[in-house]
Amino acid sequence: MAKAANLSKSDLDSSSGSDLSVSSRTSNRSLRVVEKERRKNEAGDPFLLALKYFSEVEAGTPCIGNDVLERNLVQVERVGLSRGLPPEAISVMLDYAMSLRMGGMMCVRVLKFLIPATMVPQEAVVRAVAWLCVSKIAISTQVLFLRWVLTVFDMIDSKDNLRAIYGFIFHFVTEENLSPYICHLLYLLTRRESVRPFRVRKLLDLQTKMGRQPFLLLLLSLYKVFCPELVALALPSRMRSGFKNHNSTWKAALSAVQKRNNSQVSSDISLTLGVKHKTNSRKRKYHHLEVPSLSSSVQRNSPFSSSRKVFPLEQLHTFPQLLDNLHRIELPSQMGSLLGSSLALCYLDYVQDDSAFLRLNFWLGHALHEEFLFCSGDGSSGSSSGALHLLNRLLSTQHFLQEGFSSTEGFLYKFLNVWDGSLLRPQILGLLSGIPVVPSSCINQLLFEPLVQLFFTSTLFFKCSVIDCLNNMLLKWLTWHSVYALEDGLDISFHSHTPMNMTLSGFMDSVVELVRFVGRLSAVGLQLEGCHSLLLSFILDFYETVCDMFLKYGLPLVVMPPVGVFYPALFATDPVSLDRLGYIMYRYKKNLTSAKCQQQETKAFHISRQTYREFNHYLSFMVSCLWNSKMFLPGMAIEVDQELLSLSKVAEPWTSFDLIHHPAFLGYALDFHHKCWPERKEMDLNSIKAGKQWDWYLEFLFSQGFQGLQQFVQSSITRRSAAGTNDQGQGDRQPTNS
């Protein structure tokens, strides 16, 4: 039995060994079949054969009369212009071109059809820059290569190694012909650690030599953001776009390739792509007004993505994903794509990267200035829809971030001078309401003069829209003051990404200018529109903000409305306007009383006596008119000749605007009279003032929802009831019939 067992064991061992050898032979045969099939495909694919030729061709091979070269070059060129070249082909052809194996003519030809299908390997660009340093490449060819790099910059799978050779790239900034393109590339690659004192000195020397070139100023402005102590040069706060698109050579080919491959890669080129029908018109069209789709510069399936653990932006769908990958997200080079994603904007607001805001400002500046402000505005549906979509996205972004952009501000100041008041009105006024505080020295030229021309020649609806826009602007200014004044004392930085620091006195000057400007607009607008109740409503909205500037927003400033606003509101025929005027006067009194108490205690600010006189004048006239029935009498603010009053044949004209006879409350008085004396046939409204009926009438009015009027009466008038009790107040006596 033991022998049988030993035989069985040996048989099993031999059987397993034979099985392993069979499987090994089968596997080897499969590998050989696959390798043989691959070689067969390579041998039969002209494109792969062409790539092999260019990777192995030796330097010095003649190109003139070389049929093999021409055949392979045409093959790669056909694929590049039709489908785009894969990353491996980009590496081979870029190395072949920049090494000048067959001269500079072949280099130029290759660069012109070097269209990537998906992405550009970073190492290929690094090797090309190395060839740029050691090879004797013509300046025009170097310019073409740099333009190609800027065009496909968003398609480069990673930027780490490019930033590692930042110093080599910076070396070329002194070349006058290359400087605009090198500055643009450096602008895209710059990080805080890239800013060095010797580089700042080099740029300043170049500025002395070349003048204040926009591309130098933009790069210096970015350096100043990272290291303000190194850049002492005063830079303009608003600069036109210094970097231009350099994609004209590859635009049509990239458009065709991306359309064919349905590529999701977003780059500078994607902004200007699309089918452009030939036309005889040479006017500019809207081309840059599309918001690019959100996509990361790192491809989803790229080995660089897995090795560096970069989280692609297009995969960001939920807020927990954002929290889990905060330190793995890399902002795209095409910053305009951030406008389409609230999660991307959350990340932008979290990182607080000043260079990112500068780049986003640059994109917006080009879109708004070059393609919107200076275009013909032909009114086509495509142009209007593109502009509408962009401005709506920009509005939602500014509301989300609770701040605007300097490029938007500069665009609005220029656009107001050519605006007709109807084109994209809600969007333009919405953006205008979000601009930061404008210095009082230039607010008239930048803002007031263009608005005046539009306001006085526009419709009622536009006038209301402008007043509402300026009210929202004032609200945001006051909110910024109430927030930042607590943080910075008297040095108020109203905008975290706008280079504007303003003292408290400068801010108050700007607010005073804005309030007085709206007062002038309102007075003239009410005259033009016959004191229309809709326009008056928007004006009272504005003064509800103005009357509470001290108590609600902590601004030691009180500005009274002009007479052209106060009297139309007091004599308005609708009770709502009069009720709101009562609330405004009540809040003015609260603010002035509080300001006077603090002024006596701290001596830190001063409210002018003229303001108190204006308020007392309005208050006394309003009390005399509504409560004491002293309208049109000698010594009042409005005096009318007695002979003229007699010609009106109005009985007791001095009572025409009290709380009973005022056109706004006459209907309520009639209703109250009917409820008190339902059987009376003769109407005697003066009987309401007798005895307890007056108190009942006031309670009846207040019960109709006139809280503003109630607060005014309770705070400014001493009431004497029929029982002889005195309610607290400051003002006048019980109403009488003069």
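Which residues touch the most other members of the largest nonpolar core?

**View 1. The largest nonpolar core of the predicted chain.** L432, W477 and Y697 touch the most other members of this 136-residue core. Helix α22 (residues 460-488) contributes the most to the core, 12 residues. Another core, apart from this one, has 81 residues, including L85, A89, M102 and M106. A nonpolar core is a set of buried Ala, Val, Leu, Ile, Met, Phe, Trp, Tyr and Cys residues joined through side-chain atoms within 4.5 Å; buried means under 20% relative accessible area (1.4 Å probe, protein chains only). Of the chain's 738 residues, 50% count as buried.

**View 2. Helix α27 and the residue after it.** Helix α27 (residues 575-602) has 28 residues and reaches 41 Å from first to last C-alpha, close to the 40 Å expected at 1.5 Å a residue. The expected span is 1.5 Å times one less than the number of residues. K603 follows α27 and has a positive phi, near 60 degrees. Helices (H or I, at least four residues) and strands (E, at least two) are DSSP runs, numbered from the N terminus; the chain has 32 helices and 2 strands.

**View 3. A nonpolar surface patch.** F456, V524 and L528 make a patch of about 230 Å², and L528 belongs to helix α23 (residues 504-528). Areas come from the Shrake-Rupley method with a 1.4 Å probe; for residues, only the protein chains shown count as cover.

Residues are numbered from 1 along each chain as its sequence is written. In this predicted model, local features need pLDDT of at least 70 and side-chain atom pairs count only at pLDDT 80 or more, while totals for chains, interfaces and linings use all residues; side-chain values use heavy atoms, leaving out hydrogens and water.

Key:
Patches are made of residues with over 30% relative accessible area and no salt bridge: like charges are joined within 9 Å, nonpolar side chains (Val, Leu, Ile, Met, Phe, Trp, Tyr) within 5 Å. A salt bridge is a side-chain nitrogen of Lys or Arg within 4 Å of a carboxyl oxygen of Asp or Glu.
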